[in-house]
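Here's a quick walk through one protein model. Have the sequence and the 3D view open as you read.

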Amino acid sequence: MTEEMDTSKPVEIADGIYWVGFNDKAAGFHCNPYLLIDGDQAILFDPGSVPHFPVVLSKVCRLVEFKQISHIIVTHQDPDLCAAIPRFEELIFGTGGECQVVAHSRATVLIAHYGVRSDFFHVDQNDWKLTLRSGRELKFIFTPYLHFPGAYMTYDTKSKILFSGDLFGGFSFDWSLYANDYYMEAMKAFHENYMPSNQILRSGMNKLDKLDISMIASQHGSIINKDVRKYIDALKNLDCGDYIYSQTE
């Protein structure tokens, strides 16, 4: 039961995969960093903003040593998911570790302006996949213009979790870690305003048809852990962006 969940601590959403986010009761737009632990490697997904850094840091500290963090995956360049990267780098490098920042080449030109020191791993120049030392494969799904030209999602082939970045995010002050009965409307409200058009959104959703998805872990809103296809189909058929504005002119 979400109401009984202690979100002041890391929450394990699947074997070795943790939500390390911040339950900001004053916000209608929650951020959800995740940590995947695979043997001696740890992967951070969209680690968050500077204001949220102390909370995310306190949770990551409970789970791994900094030098275990080998990759920081960022779906695009926005500050709510990227700005804390240099602060994590200080701790990783300071404890003898090193990491790569995983992003699309279109985003790395902007991410560099946060003062990132790590080498970049360009998803578009590495066959759209990252293979961890264990052999575990993370596949990257290109979703251009949703909502940035270099946006992508990450599919973990072991857990079958889709780390979706901004896609499937939602606006809601009635926040819960896992999607509740009202999340569909919260998700639609976000996409209507942040995604450019139904044509582009549908194209991105069609790429998910052949994937066996157990859960959608978005960077905003709530985690979708059941009825996954219902949410995908809803976005396929959602009018958004340019269409919404054309109706108000």
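This is a predicted model: local features need pLDDT of at least 70, side-chain atom pairs count only at pLDDT 80 or more; totals for chains, interfaces and linings use all residues.

How many bridges join strand S6 to S7?

## The sheet

Four bridges do it: S6 (residues 100-103) and S7 run parallel, and Ala103 sits opposite His122 in S7. Strands here are DSSP runs of E with at least two residues, helices are H or I runs of at least four, both numbered from the N terminus; two strands pair if DSSP finds at least two bridges between them.

Zooming out, seven strands make an open, mixed sheet in the order S1-S2-S3-S4-S5-S6-S7. S1 (11-14) and S7 (119-122) are at the edges with a single partner strand each, so one side of each has no neighbour in the sheet. From one strand to the next, the twist averages 25°. Helix H3 (residues 85-94) packs on this sheet and touches S4 (41-45), S5 (69-73) and S6; its direction makes about 175° with that of S5. Contact means heavy atoms within 4.5 Å.

## Helix H5

Which residues of H5 are buried? They are Tyr183, Met184, Ala186, Met187, Phe190 and His191, with buried meaning under 20% relative accessible area (1.4 Å probe, protein chains only). Looking down the H5 axis, the buried residues fall within an arc of 165°, so they line one face of the helix. They pack against helix H6 (198-206), strand S12 (215-218) and helix H7 (228-236).

Residues are numbered from 1 along each chain as its sequence is written, and side-chain values use heavy atoms, leaving out hydrogens and water.

Terms used:
Axes are lines fitted to C-alpha atoms, for helices over the stretch in contact, and angles run from 0 to 180 degrees between N-to-C directions. Buried means under 20% relative accessible area, exposed over 50%, partly exposed in between (1.4 Å probe, protein chains only). The arc is that of the directions from the helix axis to the C-beta atoms.
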